[in-house]
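My notes follow in the order I checked them.

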Amino acid sequence: MSDDPYKVLGVAKKASQDEIKKAYRKLAKKLHPDLHPGDADKKAEFQAVSAAYEILGNAEKRSRFDTGEIDAKGHERPERDFYHQYAGQQRARRYDPGAGTGGAEDFSDLFSDLFGQRARGGQGGFRQEFHARGSDAHYHLDVDFLDAAKGAGRRVTMPDGNRMEVTIPAGIRDGQTLRLRGKGGPGFGDGPPGDALVTVTILPHPLFTRAGDNVEIELPITFDEAVLGTKVDVPTISGTVAMTVPKGTSSGDRLRLKGRGLPITKGGKGDQIVRLRIVLPDKIDARMEDLAKEWRKHVKTDPRQKLRRTTT
Amino acid sequence: MSYDERTVVTRVERLTLRDLRLWVRKGWVKPMEGMAGPLFDEVDVARICLLRDLKTDMSISADALPLVLSLIDRLNQTRRELQCLQRALEGQPDTVQQQIIARYAALHEDPE
């Protein structure tokens, strides 16, 4: 393949912008990979043509190329995904001709043609005996963190105006899909209706985050609580729980509330992990300063000892 | 992974929100319904790129676009059915495969 974009597009050096555009359109119609799925040569050619047009299609870039400021290389478009690369997937079936009224019909047609069933179809013919499951309908649902953690029922209005009851199972994960049997498109003949597939997005919560089957929360405590230990009320997804903070805890220490997390599919429940954070008051008063000065006089521990040992 | 309207318009060069909404209204692109508007996945985005190419690069008129699109959809459907058939054949014993290949070749030579 030639490197010269003029040659790639098959235009003269003096061609007008309009002529270049016309030449590109002609080639795009001839070579577009979605019109020739699976043809690697045409794809390569199309990419060369696109890259050439990237330069020549823009009057400014073209003059920079003509004066040698930029070369033909380095302006190729990044590898692009073409539609036909997805169209082979099952989920692309929504774009089959007649999809929504059931693409299965055409598929059965192919086989009936192949194996001559139509000829042997008898009196009623093949079509009247045709039964197929209705198509699946895809929906999307945003769910609050707590609803997802504890499970909930939601009434949802579908785009077609139908109302539908959706049960969100406790512990559902972000991106999980719920299948509602029989809530999709109607079936054909005696075929059953399709399913509604509801993809769930879980909205973030200001306090709780999810880590596997555990729920994490950050709990602020005062310095005296950290030194002396205390009993605090901690919110969990299933209500407030009294928790003991032991004497002498540090920021970042993690305490575990067993069985206060999310339900596990195999049975049982995850834990709630409480991350402690020591918070000082906004204003340090004189007495607190005195306390710290007093403390500094007789305490010689160095929390950065390890740090120093590994860096020097 | 799914994208909302605005993300799609920024991701796909030379695409206007007006065109995108028109294509959805016409049923040429079928996004999922999110709570806050339509949501597009990779299949939809690739298809949107194709529609843009057809409209912008090949200047297919709005009247002719559905025709071209339905032909492309039919082509892809047929391709998938052939792939399906091929997989079904691959599952057959060698002798059956050989017979089908021989018959196929004969039909190629002489369709009658």
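I began with β10(A) and strand β11 (residues 272–278) of chain A. They run antiparallel and are joined by 4 bridges. I looked up one pair: A:Leu257 has A:Gln272 in β11(A) as its bridge partner. I note that this is a predicted model.

Next I placed these strands in their sheet. The sheet is open, has 4 strands and mixed pairing, and its order in chain A is β6-β7-β11-β10.

On β6(A), the pairing with β7(A) is antiparallel, with 3 bridges. A:Thr209 stands opposite A:Glu216 in β7(A). The two strands β6(A) and β7(A) make a hairpin with 2 residues between them. In that turn I found A:Gly212 with a positive phi of about 65°.

Is strand β7 (residues 214–221) of chain A enclosed or open? I found 6 of its 8 residues buried, so the rest of the structure largely encloses β7(A).

I turned to strand β5 (residues 196–202) of chain A. It is mostly covered, with 6 of its 7 residues buried. Strand β1 (residues 137–143) of chain A runs parallel to β5(A), and 7 bridges join them. A:His138 stands opposite A:Leu197 in β5(A). Strand β4 (residues 177–180) of chain A runs antiparallel to β5(A), joined by 4 bridges. There I noted A:Leu180 opposite A:Ala196 in β5(A).

Last, I looked at chain B. How do helix α3 (residues 42–57) and helix α4 (residues 65–90) of chain B cross? Their axes come within 11 Å and cross at roughly 135°. That angle makes α3(B) oblique to α4(B). The crossing is right-handed.

I listed the residues in contact. From α3(B) they are B:Arg47, B:Leu50, B:Leu51 and B:Leu54. From α4(B) they are B:Leu65, B:Val68, B:Leu69, B:Ile72 and B:Asp73. Sorted by type, the contact of α3(B) with α4(B) has 7 nonpolar residues, no polar ones and 2 charged ones.

Notes
Residues are numbered from 1 along each chain as its sequence is written. Chains are lettered from A and ligands numbered from 1 in the order in which they are written. This is a predicted model: local features need pLDDT of at least 70, side-chain atom pairs count only at pLDDT 80 or more; totals for chains, interfaces and linings use all residues. Side-chain values use heavy atoms; hydrogens and water are left out. Axes are lines fitted to C-alpha atoms, for helices over the stretch in contact, and angles run from 0 to 180 degrees between N-to-C directions. Angles under 35 degrees count as roughly parallel, over 145 as roughly antiparallel, 65 to 115 as roughly perpendicular and the rest as oblique. A crossing is left-handed if the near helix is turned anticlockwise from the far one by less than a right angle, and right-handed if clockwise. Contact means heavy atoms within 4.5 Å. Ala, Val, Leu, Ile, Met, Phe, Trp, Tyr, Cys and Pro count as nonpolar, Asp, Glu, Lys and Arg as charged, and the others, Gly among them, as polar. Two strands pair if DSSP finds at least two bridges between them. Buried means under 20% relative accessible area, exposed over 50%, partly exposed in between (1.4 Å probe, protein chains only).
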